[in-house]
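Colleague: I've got a two-chain model up on the screen and a handful of questions about it. Can you take me through it?

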Amino acid sequence: MSAYVLRRVAAAVVVLLAAFTVTFAVLYLLPSDPASIMLDAGTGGGGVDPAQAEALRERLGLDQSPAEQYVAALGRTATGDLGTSISSGAPVATLIAQALPETAKLAGFALLLAVAGGAGLASLATWTRSPRLRGLLLALPPLGVAVPTFWVGLVLLQLLSFRLPVFPAVGNQGFASLVLPAVTLAVPLSATIAQVLAQGMRAAWGAAYVETALAKGATRTRVQLRHVTRNAALPSLTLLGVLVGNLLAGAVVVETVFSRQGFGRLVQAAVTTQDIPVVLGLVLVAALVFVVVNLLVDLAYPLLDPRTAVTSYARSL
Amino acid sequence: MTSTVDRRRTRYRVLAASLLAPALLLAACSSGSGDPAAGPATSATSTPDTATATPGGTLRFALGASPSGVDPQQVGSNVSIYIARQLADSLTDQDPATGEIVPWLATSWDVSDDLTTFTFHLRDDVTFSDGTPLTATTVKANLDALAGPLGASAPLAASYLGGYTETRVDDEHTVTVVFGAPNAQFLQATSTVSLAILSDATATADPAARLQGEVVGSGPFVLESYTQDQGAVITRRDGYAWASEVSQNQGEAYLDQIDFTVVPESGVRAGGLASDQFDAVGDVLPQDVAQVEGAGGSVLTRTNPGVTFVLQPNVTVAPLDDPDVRQALNVAIDRQQLVDTVLSDAFKPATSVLASTTPGYTDLSDDLAFDAAKAEQLLDGAGWTKGTDGIREKDGAKLSVDVVYAPLFTGSQAVLELAQQQLRAVGVDLVLRQLTPADQQAVLTSGDYDTYYYNVTRADADILRTQFSSAGRNVNKRAADDVLDPLLDSQLATADPAARADLVAQAQQEIVGEALAIPLFELAQSIGVAGDVHGVAFDASSRLLFHDAWIEQP
């Protein structure tokens, strides 16, 4: 088991290094450079004096060759220093430390809603014996995936913030400000979960062990909860690891619509200004989150399905 | 037809709102006497206009975009200046109604006949919010820093200080700024936020730290906090007593505090204003005006001075190396239709390369009048004949012109799409190339474009030299000439306002005559304010001032 974890950690390091390198290369291949963008913003779009741009590049260390800058950035990052933002001068670690907890709250709550909503919908749709209700419920997930996130956000705002002043439209203050953004972010997620889970559950309902359980006198509800859900959950769990990436991507849109501080807004701003240190820091953190979540998902498989616990099973022989 | 009526109605509505406010105040003020329309107040307590303004309260303002920082000298975008302008004062102020330069931190000034030496006599009662006094050495520290290393990240201020030699401290409250060459635009530049005067400590602080909030000014508000991409909180400066005469309120600001929040979605800003989650919002889009007005609010607008939104041609590559083709584009554009169809009443069609609020603006609407027949005639004359698909051809080449633009202003795409249709009607294919600001900069350097779409805000006609001189930014990529370049250079060396205005007028005629720019429309600021908010004002550069602002208190 520990060898397995070690192997996964080594793989994670490779993934992080690759993400770092590719991001650096992409940012460098883009035309223009952060100094010109900064100066252009500084004149309100009035243009850039080449001599000024050169002076600023020198001050920011952007006049070195890409290879020199890559080595410097990599060395710095390896020692835990993410550097400072080019456009604002703020330490990247501070920017991320400010943004990440806000997005973690949003993503965590959205995930909770998505799992509850998706699982609830899928269970109800497969448990019910009314074909009409089932048809209706199973039509919802495609709809949830199809509607654009920003549109859902704006409709919720219009109804529950502007018309009925229940929730604040903007900001990060308190739980109330978290509700609408989390619901918005959860809609496409819960739809995806519901779709996959419902498919698994429908298959499970046709399995022999369900027939056996029913023959032994178990109620439909008990079969649904004890047998069907557990067997159908595995693909959804795998999906969950992937969906964390969707959460981070969705945060860009949701945080913009709801004017929330967070990871997504920071990504959007840093990419626009080609703020290399900030983008690199964000990519590293996102890659790290992705790696850790997928590791946790892999480690959780044996809890649901003992057959997947190959390593520990082999050792116990 | 209806558009004219609409526009007039809006203007009356704004006018009525601004007239109504003081009238209501008069009614509420038992001892009120005198004419509310009389000139600017000279004292906070002696005029009915300001006597009934209720002090106190927090104004919640929704910004349309993220500020790039809060340092008055380094920032350039409108939203950044909305915050930074409140924190600091400048040597002079510019009256938005007349364009005249009036005293602010300097009570008076002397300019040498050759426009190289500017002596400022400073007020002796001004302190910064850290308690330190304003002295001649403070001004020197500020200008020396901007002419030196700080200039790299303060491009506007650095451009105003071109040819800077030194600043001399004559005595504690007298300071002389010396240039190596005539600099007619410098006096107006001293009124801008870019040359605002900050404390001695700030002048020598790290540029990045200043952007993040290490800024001490003498303005009517003090920075409380600033969070990047989120917003800022500013609070009233106690004891503020050195407003310029343009300000109605000569004492402390009325508002206790202003909370700026970045709200990127325009619909959320308008909805937030209508549902009382904000008191004022920036960048009200045409489609949101009804919601703001329906909730009892109003939309304040002012045209940005400076270069209008233009298509500026690259005159070194075909087909726009031919002046007749450029001229044809100029008359093929129906500017009134651009404004009526895709913009709102707040915007005006361009009638020169300068916006109508720029001092020195000349009305060239006759030269820019829509005339499709003339456009066709010019293009026929230039040898471009219509092909089967309606697009003109010459020697096997299509008459295709590209435009590079960054979607910084929300209406740009729609404007350019309509311009594309208008040009197609006379057989010109306009190809839209939307780029990020970063890519746009790269393209500008390489010269790989037919036309470049942009605008610049500046309340001085010297902006023409910056953008059109062959030694300046030279978006036209043209060679030095003996007509336009001398005009642009000599206006900078002309002290007499009338003579300078004449040179500037000639420069505008030359630019439009040679079609070195195809002006489209004048940018305008559009600010939504709730019904109980008064006194939010525009400065000469059409940026917001909150010193006079107040909220009706229960």
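Colleague: Over residues 9-30 of chain A, how far apart are the end C-alpha atoms?
Modeller: Keep in mind that this is a predicted model, where local features need pLDDT of at least 70, side-chain atom pairs count only at pLDDT 80 or more, and totals for chains, interfaces and linings use all residues. Residues are numbered from 1 along each chain as its sequence is written, with chains lettered from A and ligands numbered from 1 in the order in which they are written. Residues 9-30 of chain A are 95% helix and 0% strand, and their end C-alpha atoms are 32 Å apart.

Colleague: Which annotation does UniProt give residues 174-198 of chain A?
Modeller: In the model this stretch is 92% helix and 0% strand, with its end C-alpha atoms 35 Å apart. The UniProt entry is unreviewed and lists it together with others, including 9-30 and 106-124; such annotations may be inferred rather than shown by experiment.

Colleague: What separates the centres of the two domains of chain A?
Modeller: Domain 1 of chain A covers 2-78 and domain 2 covers 92-272, with bounds from an automatic or database domain assignment. Taken over C-alpha atoms, the separation of their centres is 35 Å.

Colleague: Which classes make up the side of chain B that touches chain A?
Modeller: 44 residues of chain B are in contact with 43 of chain A (contact: C-beta atoms, placed from the backbone, within 7 Å). By class, chain B's side has 20 nonpolar, 20 polar and four charged residues.

Colleague: Which strands are at the edges of the four-stranded sheet in chain B?
Modeller: The order in this open sheet is S4-S5-S7-S6, with antiparallel pairing (two strands pair if DSSP finds at least two bridges between them). Neighbouring strands are turned by 20° on average, direction ignored. Pairing on one side only marks the edge strands of chain B, S4 (106-111) and S6 (164-171).

Colleague: In S7(B), which residue is the bridge partner of Tyr164(B)?
Modeller: S6(B) and S7(B) form a hairpin with two residues between them. Six bridges join S6(B) to S7 (residues 174-179) of chain B, and the two run antiparallel. Thr167(B) stands opposite Val177(B), while the partner of Tyr164(B) is Phe179(B).

Colleague: At about what angle to S6(B) does helix H4 of chain B run?
Modeller: H4 (residues 136-147) lies across S5 (117-122), S6 and S7 of chain B. Axes are lines fitted to C-alpha atoms, for helices over the stretch in contact, and angles run from 0 to 180 degrees between N-to-C directions. For H4 against S6(B), the angle is about 170°.

Colleague: Is Val529(B) buried or exposed?
Modeller: Val529(B) lies in strand S22 (residues 524-529) of chain B. Beyond its neighbours within four places in sequence, Val529(B) is in contact with Ala280(B), Gly297(B), Ser298(B), Leu300(B) and Val536(B). The cut-offs are 20 or more other C-beta atoms within 10 Å for buried, 12 or fewer for exposed, and partly exposed in between. Because Val529(B) has 25 C-beta neighbours inside 10 Å, it counts as buried.

Terms used. Two residues are in contact if their C-beta atoms, placed from the backbone, lie within 7 Å. Ala, Val, Leu, Ile, Met, Phe, Trp, Tyr, Cys and Pro count as nonpolar, Asp, Glu, Lys and Arg as charged, and the others, Gly among them, as polar.
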